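The following paragraphs lead through a protein model from its overall build to individual residues. Please keep the sequence and the structure in view while reading.

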Amino acid sequence: MKFARPLPAYMVTRYHGWKATTYADNKGWYRRLADEGQRPRAMIISCCDSRVHVTSIFGADQGEFFIHRNIANLVPPFQPDGNQHGTSAAVEYAVTALKVSHLVILGHSSCGGVAGCYHMCSGNAPELEEKGSFVGRWMDILRPGFDALPEGDEESRLRALEKGAVLVSLENLMTFPFVEKAVKEGTLSLHGLWNDIGEGTLEAYDPDVGEFVGI
């Protein structure tokens with residue numbers, strides 16, 4: 001593969017720094033993880049956005065979380081059509097093989113994917129409507145959330161859609177038979193969170209009040 005290039009120097013430097021400090025100080029722990037395998041208690045589905053740093057938010061170490069990231073932290077509906085489904089495969093592995101106890105959908109403020117969906121559904125992003133747009137077709141998952149938006153200014157509707165992405169994903173999770181079974185048996189619980197990046201706050205969806213509340 002002649003197109004593959006060496007890592008940029010700053011990444012190589014950071015790696016050597018990590019190997020000489022964090023790894024060196026915790027070598028036994030890393031080797032134990034390698035030998036015994038992973039036993040994460042929770043799966044977290046978060047956005048690809050570089051500003052969302054799940055392990056930092058929860059102060060997690062290696063081996064604690066099974067993390068899957070995609071555009072706008074979305075979960076598609078269960079669709080066993082024989083095609084390739086990265087997010088669905090991650091959910092299947094987490095629930096049926098790793099048997100995680102918690103599955104968390106983590107949304108966030110200023111989400112570019114959600115904004116793209118909003119503008120697409122408003123008729124202001126024709127490029128995302130094209131069949132060949134991977135982002136557009138992925139954001140189709142969130143169309144039900146756009147259709148359910150309340151009236152208001154664009155800023156408030158965008159924030160509502162960011163939280164709607166979490167709810168749509170939670171609803172879609174329950175279309176997976178193995179997820180529904182685990183939830184009903186009490187071995188798996190689903191959680192919806194939204195993080196305000198600038199303020200550092202975290203809100204959790206409370207089904208009793210039907211809205212996100214601060215933690």
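Contact means that heavy atoms lie within 4.5 Å. Leaving aside neighbours within four places in sequence, K163 is in contact with W194, E203 and F212. The model is predicted: local features need pLDDT of at least 70, side-chain atom pairs count only at pLDDT 80 or more, and totals for chains, interfaces and linings use all residues. Residues are numbered from 1 along each chain as its sequence is written, and side-chain values use heavy atoms, with hydrogens and water left out.

The overall build comes next. The protein has 10 helices and six strands; these are DSSP runs numbered from the N terminus, with helices being H or I of at least four residues and strands being E of at least two. Along the principal axes, the C-alpha atoms fill a box of roughly 55 × 45 × 40 Å. Of the contacts in the protein with a separation of 6 or more, 62% are accounted for by residues 24 or more positions apart. The accessible surface comes to about 12,900 Å², and 53% of this surface belongs to carbon and sulfur atoms. Such areas come from the Shrake-Rupley method with a 1.4 Å probe, and for residues only the protein chains shown count as cover. Buried residues make up 38% of the 215 residues, where buried means under 20% relative accessible area, exposed means over 50%, and partly exposed lies in between (1.4 Å probe, protein chains only).

With which residue does K163 form a salt bridge? The partner is E203, and the closest N and O atoms are 2.8 Å apart. A salt bridge is here a side-chain nitrogen of Lys or Arg within 4 Å of a carboxyl oxygen of Asp or Glu. The pair links distant parts of the chain, since E203 is in strand β5 (residues 201–206) and K163 in helix α9, 40 residues apart. Both E203 and K163 are buried. K163 and C47 are 116 residues apart in sequence, and their C-alpha atoms are 13 Å apart in space.

The whole structure holds 10 salt bridges. Among them is the pair of R143 and E129, whose closest N and O atoms are 3.0 Å apart. This bridge also links distant parts of the chain: R143 is in helix α8 (residues 143–147) and E129 in helix α6 (residues 126–129), 14 residues apart. R143 forms a further salt bridge with D140, at 2.7 Å between the closest N and O atoms. R143 counts as partly exposed because its relative accessibility is 25%, and D140 counts as partly exposed at 26%. E129 is partly exposed as well, with a relative accessible area of 39%. Together with R137, the residues E129, D140 and R143 are linked in a network of salt bridges.

Helix packing is the next topic. Two packed helices are described by the angle between their axes and the distance between the axes. The axes of helix α5 (residues 112–121) and helix α9 (residues 154–173) come within 9 Å and cross at roughly 115°. These axes are lines fitted to C-alpha atoms, for helices over the stretch in contact, and angles run from 0 to 180 degrees between N-to-C directions. From α5, the residues V114, A115, Y118 and H119 meet E154, R157, L158, L161, E162 and A165 of α9. In a second pair, the axes of α4 and helix α10 (residues 177–185) come within 10 Å and cross at roughly 35°. Here V91, E92, V95 and T96 in α4 meet F178, V179 and A182 in α10.

Two loop residues deserve a separate look. A72 is found in the loop between β2 (65–70) and α4 (86–97), and its phi is near 65°, a positive value in a residue other than glycine. N73 is placed in the loop between β2 and α4 and has a positive phi of about 45° although it is not a glycine. Are these residues buried or exposed? A72 is buried, with a relative accessible area of 0%, and N73 is buried, with a value of 2%.
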